[in-house]
Amino acid sequence: MKITLIGPGIMSIPPKGWGGVESLMWDYKNELERKGHLVTIINTKDLSEVISIANSTPADFTHLHYDVYSHVMPYIKCKNKAVTSHFPYLEHPDKRAGYEWIFSDFNKCDSSIIALSNSIQDAFIEQGAQPDKVYVVPCGINAELFTFTSSPMFPNRSMYLAKIEPRKRQFMLQREDFNIDFAGNIADSRFSQGSKNYLGEWEKATVYKELTQYANLILLSDGEGHARVCIEGLAAGLGLVVSEQATANLDLNKPFISVIPDSKSQDLEFIKGAIEENRKTSLNLREEIRQYCIEEFGWDSIISKYESVIEKIKK
């Protein structure tokens, strides 16, 4: 099958460092090609060029990964099309003010919708999407890329691996007694770049090699689609301490996944205790954590779901 993936054109694919959507698209290309499909990535801000390239290289399926460009989809001649939004607040009406256009634009862009989670699927349907045109495919991960050890170098420390921005609230947790290291590009002036627990922006090679040296991974953002960094942590054998908004597609019955309730999101002592308890629990379950990741989010499983969705769209 010939598949075209359309990206934002904001940064390279694959990205050199931060770039969650770009990394996901690159993995999709590699994994789909491994299954025998032919994949073209179009990644430019020039929308006339997007249309031209897409129509000059006809595909069996075209998938847009940037909601801002959804209005170009009717001009792409491919019969089978889908759009995905990576906007973090789709399922949170109180936080998506000014972005309701995503729902209306998707509903009239002549394409099916692939949501990252069941709750995002529900949000699209509640906003008028036809239920039989909204599908769910979570993000995937290749766990084999991640170094794994059952005896991490920093068993008493946690990693907060993400773009440092207000939405992810890293500045709250930068106290030394929290024993958290931070890695990511900085977009929040409240975060102290000069602190010794800031490790800079990690390249992918560093993530693959060094993430496993920590006990657990933290993500306390106030909005997420499907946070791929969480499954990166699982692939490296780390437990998770996450906000309610970062739980998409996770099995919350697992003892190595701890959720900070919204009611406790500002209670630093509660958060500190939850992080420490999760470290102790997760250190004894690292092989189970990694296996859970492979079974639930390994690319073999995710690509099978993706192929199944494409076949349904083609009918």
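Student: What should the 16 residues of α7 span at 1.5 Å a residue, and how far apart are its end C-alpha atoms?
Tutor: The 16 residues of α7 should span 22 Å, and the end C-alpha atoms are 23 Å apart, which agrees; the expected span is 1.5 Å times one less than the number of residues. Helices (H or I, at least four residues) and strands (E, at least two) are DSSP runs numbered from the N terminus. This is a predicted model, in which local features need pLDDT of at least 70 and side-chain atom pairs count only at pLDDT 80 or more, while totals for chains, interfaces and linings use all residues. Residues are numbered from 1 along each chain as its sequence is written, and side-chain values use heavy atoms, with hydrogens and water left out.

Student: Which residues of α7 are buried?
Tutor: They are I271, K272, A274, I275, N278, R279 and S282, where buried means under 20% relative accessible area, exposed over 50% and partly exposed in between, with a 1.4 Å probe and protein chains only. They cover an arc of only 165° around the axis, so they lie on the same side of α7; the arc is that of the directions from the helix axis to the C-beta atoms.

Student: And what do they pack against?
Tutor: The buried residues of α7 pack against β7, β8, β9, β10, β11 and α8 (286–297), contact meaning heavy atoms within 4.5 Å.

Student: In what order do the strands of that open sheet come?
Tutor: The order is β8-β7-β9-β10-β11, with parallel pairing; two strands pair if DSSP finds at least two bridges between them. Because β8 (180–183) and β11 (257–260) stand at the edges with a single partner strand each, one side of each is left without a neighbour in the sheet.

Student: How many bridges join β7 to β9?
Tutor: There are 3 between β7 (residues 154–161) and β9 (residues 214–219), and F154 stands opposite Y214 in β9.

Student: Switching topic, at what angle do the axes of α6 and α8 cross?
Tutor: They cross at roughly 130° and come within 7 Å, the axes being lines fitted to C-alpha atoms, for helices over the stretch in contact, with angles from 0 to 180 degrees between N-to-C directions. That makes α6 oblique to α8, since angles under 35 degrees count as roughly parallel, over 145 as roughly antiparallel, 65 to 115 as roughly perpendicular and the rest as oblique.

Student: Which residues of α6 make the contact?
Tutor: On α6 they are I231, L234 and A235, facing I289, R290, Y292, C293 and F297 of α8.
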